[in-house]
Amino acid sequence: MGSSSLTSQQLQIVLRIILVYQFCNAVMSQCRILRCNSQFVSATSHLDDSLNEDFCIALRSYSWCTQRTAWFCRGDLIYHSAVQGIEDLMIQHNCSKDGKVSLPRPHVPADNQDNLHLPDTCKYEMSFYFKQRQKPTYLYCGIFGNLHIRTFYNDFQTCRVQGAWPVIDNNYLTLQLTNAPIALHHNISAISKVTAIFKNSKECIDQKVYQAEMGNVPAAFVDGSVNGGLRNGANSLVIKKMLSAGYVEIQASYIGTTLIVRQVGQHLSIAILMPEEVASSHTEDQDLQLCLTGCPFIERLPWTTHLHNAQRAKAKCKEGLLVEDNYFESCVFDILVTGNPNISLAAFKAVEDAKILYPDKDLLHVFRNCWPGRPIPSCLPLLVSVLWVLFCNNIFFF
């Protein structure tokens with residue numbers, strides 16, 4: 001007898017598929033191969049062919065870094081390419097796998113005394129090009145609404161994180177959000193406070209702290225200044241109020257970074273553009289960063305709500321969002337869980353900020369699918385095989 005209901009056995013199979021996918025997604029989000037790559041490039045950018053032993057030390061350090069993140073990077077094509085590349089370079093340079101290993105050194109062009117001859121040590125992009133002969137790779141992160149995060153690697157998450165959370169925490173910038181609950185029955189929150197600490201840079205700026213709260217988004221640092229202080233490179237950190245656009249913009253050219261802070265309705269939003277090299281300059285203890293890996297898995301919210309008003313919410317969101325991407329779905333989610341159609345403005349402004357800062361306009365829109373964020377090829381064969389078993393045993397319930 002045909003039935004559309006699930007048997008106990010079928011339900012167990014479905015739950016296992018979901019758990020395998022969620023586990024793989026959580027594991028892959030912790031892969032740190034890009035940081036290993038960045039550290040290797042930084043360690044070898046000043047070496048020439050005569051310094052073979054130093055190059056071997058850097059290679060062993062590179063290998064050590066990949067080994068530490070190996071478990072989290074299974075199935076990541078970038079990781080496996082790096083491992084193969086290390087083996088090839090070891091052979092080419094006749095490097096022993098055993099020997100001295102140097103820990104990665106933090107790299108800041110403005111603080112490096114060896115870089116004083118550069119055209120302008122307080123202009124990151126010029127300094128980077130002078131050494132690398134190419135432009136830096138930039139990463140974008142945006143946080144808005146209740147509470148949606150687009151990470152540096154284009155994972156789009158909705159999180160319930162409440163209280164103070166680190167957004168960025170590296171050698172040059174600490175950015176923290178304080179989130180306040182706005183709808184307890186849906187367990188959602190929004191940004192109520194933003195704190196940014198631009199750390200001391202010897203040649204360029206004094207340490208500066210910026211704070212914004214609901215109803216107070218100032219165009220000045222907490223000490224009342226609008227630049228990096230009294231040093232020669234003070235204007236490599238400036239803060240501006242964009243009156244016509246309704247936001248504050250902090251330009252930190254000494255680290256190639258731009259931060260946008262704005263108030264939208266009853267909460268704040270942020271958007272930030274940062275070089276990958278700067279974003280990667282953190283220790284293992286600084287791994288919890290919303291822009292880097294998103295919120296912890298246990299803090300993530302599924303996009304499931306009561307949909308009886310979905311059509312009205314979609315119509316409202318279409319007033320400002322022509323593409324039905326993750327920004328559009330975030331807009332619909334916020335309206336449904338708050339009952340406030342005016343909250344659609346958060347998604348509208350988030351798209352505006354992305355248009356201002358996102359480095360590749362062709363990749364501005366992110367769409368939700370079964371593989372959010374970076375691909376997870378290691379999970380695919382397992383899921384395909386499980387679905388094949390279901391098919392062969394006629395266990396279908398659609």
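Two strands are taken to pair if DSSP finds at least two bridges between them. Helices (H or I, at least four residues) and strands (E, at least two) are DSSP runs, numbered from the N terminus. The model is a predicted one, in which local features need pLDDT of at least 70, side-chain atom pairs count only at pLDDT 80 or more, and totals for chains, interfaces and linings use all residues. Residues are numbered from 1 along each chain as its sequence is written, and side-chain values use heavy atoms, with hydrogens and water left out.

Strands β8 (residues 237-242) and β9 pair in the antiparallel sense over six bridges. Isoleucine 239 has isoleucine 250 of β9 as its bridge partner. The two strands form a hairpin with four residues between them, and glycine 246 in the turn has a positive phi of about 80°.

On pairing with strand β10 (residues 257-264), β9 is again antiparallel, over five bridges. Here valine 248 stands opposite valine 261 in β10. β9 and β10 also form a hairpin, with four residues between them; glycine 256 in this turn has a positive phi of about 60°. Five of the six residues of β9 (residues 247-252) are buried, so this strand is largely enclosed by the rest of the structure. Buried means under 20% relative accessible area, exposed over 50%, and partly exposed in between (1.4 Å probe, protein chains only).

In helix α5 (residues 124-132), the buried residues include Tyr124, Ser127, Phe128 and Gln132. These four cover an arc of only 110° around the axis, which puts them on the same side of α5. The arc is that of the directions from the helix axis to the C-beta atoms. Arginine 133, which follows α5, has a positive phi, near 60°.
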